[in-house]
Amino acid sequence: MHELNFPILSLITFFPLVGIILIAFTEREDEYLQKWIAFWTTLINFIISLPLFFYFKDTAKFQFVEKINWIPSFGISYHVGIDGISLLLVLLTTFLCPICIAACWSDIKDKVKEFLICFLFLEVSMIGVFCALDMFLFYIFWELMLIPMFLLILVWGAPARRRYAAIKFFLYTMAGSMMMLVGILVLYFYNAKVTGEYTFDLLKLMKLDLPFHLQYWLFLAFGIAFAIKVPMFPFHTWLPDAHTEAPTVGSVILAGVLLKMGTYGFVRFNLTLFPNASVYFMQLMAILAIIGIIYGAFMCLVQKDLKRLIAYSSVSHLGFVMLGVFALNMQGLSGGLIQMINHGLSTGALFLLVGMIYERRHTRLIAEFGGLAKPLPMFATLFMIVTLSSIGLPGLNGFIGEFLIMVGAFRAKWWFGVLAATGVILAAWYMLWMYQRVMFGKVTKKENLNIKDLVPREISLLVPLIVFIVWIGVHPNTFLSKMEPSIKQIVLKYEKINKKQVDMAGINILKIIKGERS
Amino acid sequence: MIPLSYLLMLSAILFTIGVLGVLFKRNTIVIFMSIELMLNSANLSFVAFSRYLGNLNGQVYVFFVMVVAAAEVAIGLAIIVNMYKNFKSISADRANLLKW
Amino acid sequence: MISGIQYLKDSVGFLPFLILVVSGLIILLGSAETARRESGRYGSGVAIVGTLLAMFSLYFLYGLKKRALFNDMLIIDNFSLFLTATILIATLVVILISRNAIAKDGAEINEYYMLLLFSSAGMILMVQSINLIMVFLALEIFSLGIYVLVGITKQKKVSTEASLKYLLLGAFAAAFFLYGLTYIYGATGTLDLIKIAKIVSEGQVTSNTYLVLGASLVLCGIAFKIALVPFHMWTPDVYEGAPTPITAYMAVGVKAAAFAVFIRVFGHALPKFNIEWNTLLWILAVLTMTVGNICALLQDSLKRLLAYSSIAHAGYIFVAIVAGSQYGYGAILYYLLVYTFMNLGAFGVVVYVENLLGQKDNIDSFKGFGFRRPVIGLCMAVFLCSLMGLPPTGGFVAKFAVFSSAIKAGYVWLVIIGVLNSAVAAYYYLKVIVVMYTRSETAVEVISPKGSIYNGIGLIISLAGTLMLGILPHKVLEIAIKAVSL
Amino acid sequence: MKYVWLIVFFPFLGFLINGFFGRHFKREVVATIAACAIGLAFVCGIYTLFDLLKLPPHSRVVEVVYFDWIKAGKLSIPAGFLIDPLTMVMVLVVSGVSFLIHIYAGEYMEEDPGYVRFFVYLNLFVSMMLTLVMANNFLLMFVGWEGVGLCSYLLIGFWFEKDSASNAGKKAFIVNRVGDFGFLVGMFIIFSAFHTLNFREVFEKAPEMFTVGSTTITLATLCLFLGATGKSAQIPLYVWLPDAMEGPTPVSALIHAATMVTAGVYMMARCSVLYALAPFSLGVAGTIGALTAVFAASMALVQVDMKRVLAYSTISQIGYMVLGCGVGAFAAGIFHLMTHAFFKALLFLGAGSVSHALAGELDIRKMGGLYKKLPITHITFLSATLAISGIIPFAGFFSKDEILFETFIGHHYILYLLGIVGALMTAFYMFRLYFIAFHGESRVDPEVEKHIHEPSWRMALPLCVLGILSLIGGWIQLPFFHNLKILGGFLEPVFHHAHEIGGMEHGTEVGMWLEGALMALSLVVALMGICIAYNFYIKNPELPKRLAEKFVGLYTLLFNKYYIDELYQKIVVRPLYNLSLGLSYVVDQHIIDAAVNGTGKGMVYGSSLLRRVNTGYVQFYGLIMFIGAVVVLLVNIF
């Protein structure tokens with residue numbers, strides 16, 4: 001299979017801009033035209049991105065690479081490329097976007113134009129984040145994503161607390177990423193000091209091996225940004241608010257893609273740049289992840305608001321992802337990566353479904369529903385499938401991810417695996433209970449009696465998701481095989497590292513922090 | 001001849017008086033005069049230094065400063081008059097609309 | 001002793017200054033004719049032409065090898081040219097956004113532009129001068145102009161009050177500055193920065209105490225102009241009271257000029273202090289950032305908010321001063337340029353809104369603005385993002401450059417405080433965006449529905465600048481860094 | 001044998017067809033499609049069996065691998081099927097019984113609005129069950145394992161408008177999940193020990209890598225056993241099964257009697273090698289099994305709901321199977337599994353046809369004297385009852401007796417005793433049920449009484465077939481004559497590893513007389529039970545009441561099933577829920593989020609203080625500046 005010899009990644013990244021321009025020139029009134037434009041833009045973008053998958057060679061090195069000098073005086077270049085880790089995430093993004101547009105068809109009523117522009121802009125930044133191989137570029141896309149998402153929540157969110165949610169989301173993320181900026185700069189100048197070359201190029205920075213104390217701090221600096229984004233346990237409170245207030249599409253894209261930026265960041269930067277620190281922090285991160293899994297599940301049990309519940313379930317699921325990533329072995333990492341995709345699909349679908357009943361009933365309170373399975377058989381079926389996928393039923397995608405993660409975790413430390421497995425029980429509990437309260441029993445509220453079942457549009461935008469949910473469940477190798485080489489490369493790094501020494505170094509650092517300078 | 005330090009001391013004292021005037025007098029005119037005082041104390045030390053160092057630059061600078069001072073007074077008085085028009089008073093602490 | 005020919009030669013380098021002054025005088029003389037007095041069309045017209053000419057004249061000076069003028073009073077080098085350009089851009093935009101903003105306040109409209117030109121001339125003089133007494137003179141020239149400009153709306157109490165405060169404190173600070181000069185003179189026997197640098201480096205100072213004394217007082221004097229905490233107290237009041245375009249002008253121009261002097265004095269003439277006083281400067285920077293941001297959080301008046309934000313920005317810039325190094329100073333120049341664009345842009349929108357709703361700079365008057373005027377709302381959003389330091393705007397690159405210079409010099413903690421500050425700052429900028437994009441239930445009464453074309457042009461210029469410097473910063477950045485090598 | 005995938009595929013096909021297009025078909029068509037799907041599976045099963053029999057006994061293990069399912073580093077899981085005698089037995093039992101039940105359900109569910117849905121689920125269930133028994137590795141087995149769990153969840157909650165039903169469904173799934181947790185952990189242990197999950201590889205490596213009683217294997221097997229207790233409703237996880245009776249009766253017959261609930265036993269048999277390596281686990285299994293047998297039986301004594309009685313009896317019967325595996329008599333366990341599938345399915349179907357006749361009535365106190373009105377049902381029910389009570393020559397007798405026999409000669413005398421007691425109780429409560437329902441004077445309310453009717457052939461046929469099976473089903477494994485132990489001989493190759501390791505060569509060293517004596521004993525016990533029942537419910541029906549009043553405490557205790565459900569509610573469910581309430585209120589809202597918002601609030605407060613410094617008095621500003629200047633001076637000079 002020959003290399004594609006045109007800048008496909010840039011094309012994918014910036015293609016939505018075309019849509020933005022077209023939409024900008026349309027009359028404010030004809031919203032359908034705008035929606036169609038947006039839809040086709042995103043769909044075509046997805047189609048364009050498919051070759052990535054087929055031309056992707058199963059090797060560890062970056063592919064479809066483009067490199068153009070941008071700010072040479074700082075050694076900043078426009079450098080993009082993907083490997084097994086980012087490939088699927090890029091595809092996931094391009095795949096979810098048309099679905100989101102289709103979903104907002106009846107959801108977004110006012111200011112459609114601005115909405116679509118915001119959204120397409122968001123897509124640009126998201127794809128950019130996954131493609132960027134230059135730290136500066138990465139950071140730019142990373143921050144770029146803030147404003148449109150902020151506006152999505154602020155302008156089209158649920159009136160109640162959207163200001164609070166939007167600002168919380170923005171400031172929280174920004175505070176984190178600022179730390180990352182510092183980290184990037186330190187790394188940059190350290191590299192300059194050692195190699196004498198001023199560059200933000202990730203591939204070059206990967207080559208240098210940092211002294212442990214530097215790794216230690218940089219890990220924290222990057223880690224805080226990503227941990228907030230994921231979100232890991234203590235930093236998760238922005239998520240429920242953001243999810244609850246955001247419009248359906250916002251939630252979908254937030255859960256589907258934005259959260260993955262955090263986990264992706266961990267894999268791409270922390271793991272590859274600071275291996276010793278990663279080993280040193282492995283335990284801490286894993287424990288936080290496990291707390292996230294169980295804690296998130298507990299939170300789900302007591303939520304009254306569907307979206308909030310799903311939001312907390314994301315906390316739990318991403319706990320799994322983080323656990324897998326920091327198992328630092330083949331199974332864990334592949335599980336983590338595949339689970340990112342799974343979570344994107346299933347939670348995305350869940351938010352879509354919730355959005356659909358929200359459109360019909362204008363409430364998300366579980367208490368308001370009950371017995372919906374009778375008036376909405378189709379909805380019930382799809383909802384059930386997605387629910388099952390998110391509680392990790394074998395044969396559906398969720399299971400593959402969770403199983404691999406737990407195996408990996410178990411091999412890293414047996415009790416990681418065992419504790420994580422309890423999450424599986426809890427997941428069944430809260431999800432099925434939620435499903436029961438919404439779907440089963442007699443129809444109590446009369447508003448629920450005469451609500452319409454899904455229309456073809458809604459079904460047709462859920463079906464693709466479900467297709468992939470099943471596909472990954474039945475034949476995950478299609479995707480695992482793509483990411484395997486890249487993961488292997490990372491894992492090899494870790495087989496060399498001597499845990500003992502790392503711990504010793506860590507202890508010294510702690511001494512230094514305590515002020516016992518030697 | 002008088003040692004430099006005396007002159008500097010004198011100018012310092014003048015400067016301080018000026019500062020105190022600025023800080024504690026209420027009448028803007030007086031405040032303004034105190035500022036002039038500060039400028040003149042600077043002039044004094046210029047002259048003193050130029051005498052001491054034996055180059056004339058210092059003395060030349062003094063002329064610059066005088067001109068500036070004059071210009072400042074011109075503007076200053078204009079503004080003070082305008083203040084009087086608006087506030088019916090030239091007491092510095094009457095101008096207290098803008099705060100926090 | 002040099003010949004008249006020499007003077008003529010020199011005055012080529014002096015061209016921008018001369019052009020501004022001359023056009024100022026033209027306005028003055030021309031506006032004697034009463035027919036021209038009412039609408040500012042005449043004054044602004046001349047002013048715009050003058051500024052453009054001045055810019056054009058830079059084209060000749062650029063690439064001219066650097067040389068001192070008027071026996072070492074002034075200097076033509078890339079540094080001064082860069083800042084001159086910055087100041088001229090500022091002037092131009094200010095003039096543009098002043099159209100029909102000032103006229104309503106019954107100001108002496110032509111004199112307004114004249115003074116504006118004179119002040120700009122003063123600033124240019126300041127960035128060009130390499131002799132401290134010239135610095136003092138330039139300082140006074142533009143200060144005097146601005147004292148009047150601040151109070152130019154005579155009938156308005158606030159404006160008068162603002163000008164009074166600025167006058168008193170400004171003169172006060174100037175006195176400190178001058179007094180400082182005397183001691184530097186006493187220590188070195190000259191006020192020529194190049195000579196001073198030489199003398200100090202060779203250690204031929206008569207008394208180091210004098211030098212320290214002088215330098216400290218000079219520091220205070222300049223600190224006042226760039227509004228470092230605790231010399232910032234005047235800023236919010238004056239900014240709030242002054243006519244909005246002038247606020248913008250002060251925030252941008254004065255800062256540029258003052259930082260130029262700071263770099264010339266402490267960067268090149270007396271670099272040793274930059275090292276000896278490191279801790280002090282460090283503290284000043286932190287104080288300035290933090291106080292500025294914290295105070296801004298609760299402001300309802302947008303002008304006052306931007307005033308505090310400008311203090312905070314001074315703090316960010318000062319981080320680079322702490323870092324020292326050519327790279328840092330280059331970053332400062334770049335920052336100043338970007339700041340000019342984004343800040344003027346923001347103020348331009350404020351002016352626009354004021355024209356729209358009468359003199360209201362309260363944040364609430366922005367309610368739903370983003371929906372009523374989508375395009376200008378978007379501009380505002382961009383400017384605010386830039387002030388926040390978000391990519392892909394100039395603000396980000398500038399902040400990036402400044403902080404990176406500090407990290408390069410090893411001030412990691414300073415930078416961490418800086419970035420945390422900018423996270424805090426994000427809150428109040430966001431507040432504005434939030435207000436802009438929340439629907440207003442009550443329909444706001446609009447005084448003049450159409451904004452002026454000039455205002456529009458002003459906004460376009462600043463928008464273009466902000467984005468251009470954010471997306472393709474490369475060339476300008478290099479120029480800035482090169483410019484610093486005096 | 002590449003074609004074996006068809007066995008799983010046909011039911012799945014049925015699932016797909018009905019699932020997608022069922023809505024548009026007539027009911028008969030749906031039922032036919034569903035039944036045919038299973039039928040075809042059964043036929044394929046038979047065909048496979050003959051293929052298998054062609055091979056010499058000890059090479060009757062065929063593994064068919066289709067594709068690489070999951071691959072990540074060392075973990076590589078090819079999806080495929082493992083065909084050996086054990087599998088075949090299960091396949092035939094499952095497909096056979098479910099075929100009959102499909103026919104039965106075709107009529108039974110006639111009036112139900114969710115007709116299509118029912119058959120969709122049922123087909124899915126069968127395909128999943130077949131996956132479970134044919135899987136060639138733990139993970140694929142787990143797929144089936146959870147798959148059947150899902151179907152049972154869906155079918156228990158089939159009448160989802162009844163809260164009790166949907167609750168029961170949820171309960172079943174979650175309790176099973178607890179078991180699956182064990183299964184998962186077991187798999188992790190096995191994987192990290194063997195770096196594979198493939199049955200054959202694991203079972204081949206195990207004896208070489210580990211000695212008998214090694215910790216790893218013990219732990220692994222215990223975890224797996226936890227899974228088994230979940231699926232097969234053993235102590236402590238049996239609680240879901242009685243509630244599962246909320247589902248339609250055919251479901252109870254198929255899933256909660258014949259097939260799914262025995263999955264745990266199958267799994268243990270499948271892992272016989274591992275269990276043989278872990279005597280401790282075997283001990284645990286045996287004990288649990290015996291205890292469950294008695295415990296559940298005791299609860300069955302006083303239940304009045306027909307299906308609930310059967311449910312408890314199921315639990316107790318599975319207890320016997322587990323006991324069988326526990327004492328290392330895996331073949332016996334499987335044997336009982338098979339016979340139990342026949343007669344228990346039959347019992348449920350009988351109960352079904354009774355309730356069908358009585359317009360859904362299942363409370364035995366409202367029955368009586370049905371034997372005249374429902375002859376077929378009565379006869380078949382009787383044969384099943386005899387079978388389960390262990391009356392020679394009915395199927396149940398041979399299988400149960402073999403288990404007890406093995407238990408005895410394995411020197412587990414206490415367990416044996418428990419088994420005997422269980423047998424006694426079983427005979428008693430089954431005949432209690434039988435007598436009350438079919439004899440004595442009718443207590444059916446006349447309204448219903450009018451149109452009691454025998455069901456049509458579609459329901460009758462399965463009854464008869466199963467009736468016959470529960471008579472003759474046991475004859476393929478006769479005592480005494482070792483050459484007539486057909487089933488045992490057939491299964492031997494599967495278990496001989498286990499036997500070698502366990503060092504148990506059964507039935508040889510003990511004399512005929514012992515075997516005979518034990519048989520006699522259990523027979524006597526069974527008869528005794530029947531007599532008591534007869535005495536209580538036919539001769540003098542007041543006796544039970546008086547006894548109940550006499551031992552009122554015991555009675556209520558039994559009647560309320562030892563309050564186990566309430567206990568679980570109190571010590572597990574409630575606390576966890578309250579814990580999460582507490583967490584969300586205290587930790588989430590008032591610690592973490594409060595910290596986040598607090599930072600913001602702090603800033604704002606600071607600002608409200610700091611801005612006050614700008615008093616607006618110009619001279620104050622001057623003062624601040626001056627002080628600043630002085631400070632700068634002092635700092636710099638000194």
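The report below covers confidence, then the chain pairs, then two of the contacts.

## Model and confidence

The model is predicted. For the complex, the predictor gives an ipTM of 0.90 and a pTM of 0.92. In chain C, the average pLDDT is 88, and 93% of the residues score at least 70.

## Which chains touch

Five pairs of chains touch, and the pair with the most contacts is chains A and D. Chains A and B do not touch: 25 Å separates their nearest C-alpha atoms.

## Chains A and D

Chain A puts 40 residues into its contact with chain D, and chain D puts in 39 residues. On the chain A side, the elements that give two or more residues are α12 (275-302), α14 (330-361), α16 (397-412), α17 (414-439) and α19 (477-496). Of these, α17(A) gives the most, with 11 residues.

By class, the side of chain A that touches chain D has 27 nonpolar, 10 polar and three charged residues.

## Chains C and D

Here 21 residues of chain D are in contact with 27 residues of chain C. Two or more residues of the chain D side come from each of α26 (564-610) and α27 (618-637) of chain D. The element that gives the most to this side is α27(D), with 12 residues.

The side of chain D that touches chain C divides into 12 nonpolar, eight polar and one charged residues.

Terms used:
Residues are numbered from 1 along each chain as its sequence is written. Chains are lettered from A and ligands numbered from 1 in the order in which they are written. This is a predicted model: local features need pLDDT of at least 70, side-chain atom pairs count only at pLDDT 80 or more; totals for chains, interfaces and linings use all residues. Two residues are in contact if their C-beta atoms, placed from the backbone, lie within 7 Å. Helices (H or I, at least four residues) and strands (E, at least two) are DSSP runs, numbered from the N terminus. Ala, Val, Leu, Ile, Met, Phe, Trp, Tyr, Cys and Pro count as nonpolar, Asp, Glu, Lys and Arg as charged, and the others, Gly among them, as polar. pLDDT is the predictor's confidence in each residue, from 0 to 100.
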